[in-house]
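Below is the structure I looked through, followed by my entries.

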Amino acid sequence: MRTSDSVKHLFARLVSSLGRATATREFKWMKQALIPSHSLTLPAMLQRRLSGEPLQYILGTTPFGPLDLLTRPPTLIPRPETEDWTLRLADMLSPTPHRPLTVLDLCTGTGCIPLLLCHLWPPGSTRAYGLDISKDAIRLAMDNAARCNIPSSQPSSLTPYSQNVFIPVLGDLRDPDVFKYLLPPFDIITANPPYIPKREYDELPISVKDYEDPAALLGDPPDSEEQDGLTYYRLISQLLRQKGMLRDGSIVALEVGRAQADAVEGILQQSAGLRNTQVWKDPWNVKRVVLART
């Protein structure tokens, strides 16, 4: 079969699988991503997509606000709902070099949340840390920092807050020693932690459960007694109530799964002692973020 005929055939199958509008849009992005010197071909990209591989892994990038971030398996792909609330958070605050903010992003993955904040806020106003237990995620976060021209360390030659900085840190949020490298207190703590209950995991699309890291999806570790998808929110609440972790007036923003907002709001209020809370909905009218202030 000639290449042109093969592409037509594969595209027809993609239309059957995704619908014409989505297939046409993805096909356009695939063609735009082709590089003459690259070994990746359009038929190969279509075959990978038909097998269920996420488009973002095939293209190697995904938009996130004005950023174009690298994406590599198995690190979780940034979602539009995460982009939405990160932009909202950025609009809500106005840090300056004279009144800078220190940010901690837990389960940072690609680094999308802190990198977008660093990009949108004035130079010298933000120092962000991103914690993740995955070596793949930390490597990707560092590559994304370089791609976004945001330093991923604080060179000694720089005066504090002369530019925004994002520092990815490999570590487990359950390990108290990790905070030797994170330097609390923090003005903002964000997280998009694993939150999918085990009972829902098998129902996920193939493009999610067969390609993205299960550890970034499942809300309860294998050794957890809980199976409600909320284990990491309990761990984060224990962290938040530690002395010196938050400043007065600090903000905590946690992304949650469907039907989890009320439970997570209760965990923050009762376990972390954060009584001033609210819930944000995403553009699809889903309760998506629990926001708390000290």
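**Entry 1: domains**

I looked up how far apart the centres of domain 1 and domain 2 are, and over C-alpha atoms they are separated by 35 Å. Domain 1 covers 2-51 and domain 2 covers 80-293; such bounds come from an automatic or database domain assignment.

A note on ground rules: this is a predicted model, where local features need pLDDT of at least 70, side-chain atom pairs count only at pLDDT 80 or more, and totals for chains, interfaces and linings use all residues. Residues are numbered from 1 along each chain as its sequence is written, and side-chain values use heavy atoms, with hydrogens and water left out.

**Entry 2: cores**

I went for the largest nonpolar core next and found 40 residues in it. (A nonpolar core is a set of buried Ala, Val, Leu, Ile, Met, Phe, Trp, Tyr and Cys residues joined through side-chain atoms within 4.5 Å; buried means under 20% relative accessible area, exposed over 50%, partly exposed in between, with a 1.4 Å probe and protein chains only.) Leu104, Leu182, Ile189 and Leu240 have the most contacts inside this core. Among the elements giving two or more residues to the core are β3 (101-106), β7 (246-255) and α11 (261-270). Helices (H or I, at least four residues) and strands (E, at least two) are DSSP runs, numbered from the N terminus. The top giver is α10, with six residues.

What does isoleucine 189 touch? Leaving out residues up to four places away in sequence, I get Leu104, Leu106, Leu240, Met245, Leu246, Ile251, Val252 and Ala253, where contact means heavy atoms within 4.5 Å.

I also noted a second, separate core of 28 residues, which includes Cys112, Leu115, Leu116 and Trp280. Cys112, Leu115 and Leu116 turn up again among the buried residues of α6. That helix (residues 112-120) is mostly covered, with seven of its nine residues buried. As for tryptophan 280, arginine 88 lies over its face, 4.0 Å from the ring centre. (For a charge to sit over a ring, NZ of Lys or CZ of Arg has to be within 6 Å of the ring centre and within 35 degrees of the ring normal.)

**Entry 3: aromatic pairs**

Rings of Phe, Tyr and Trp (its six-membered ring) pair if their centres lie within 6.5 Å; planes under 30 degrees apart count as stacked, over 60 as edge-to-face and the rest as tilted. By this rule I count two aromatic pairs. Phenylalanine 11 and phenylalanine 27 have ring centres 4.9 Å apart and planes at 40 degrees, so I put them down as tilted. This pair links helix α1 (residues 3-18) to helix α2 (residues 20-33), its members being 16 residues apart. Phenylalanine 11 is buried at 17% relative accessibility, and phenylalanine 27 is buried at 14%.

Tyrosine 129 and phenylalanine 186 make an edge-to-face pair, 6.3 Å centre to centre with 75 degrees between the planes. Tyrosine 129 is in strand β4 (residues 126-132) and phenylalanine 186 in strand β6 (residues 186-191), so the pair ties together parts 57 residues apart in sequence. Both residues are buried.

I found a cis peptide bond from proline 73 to proline 74, with omega near 5 degrees. Another cis bond runs from proline 184 to proline 185, with omega near 10 degrees.

Is asparagine 149 buried or exposed? I have it as exposed, with a relative accessible area of 68%. Its phi is positive, about 60 degrees, although it is not a glycine.
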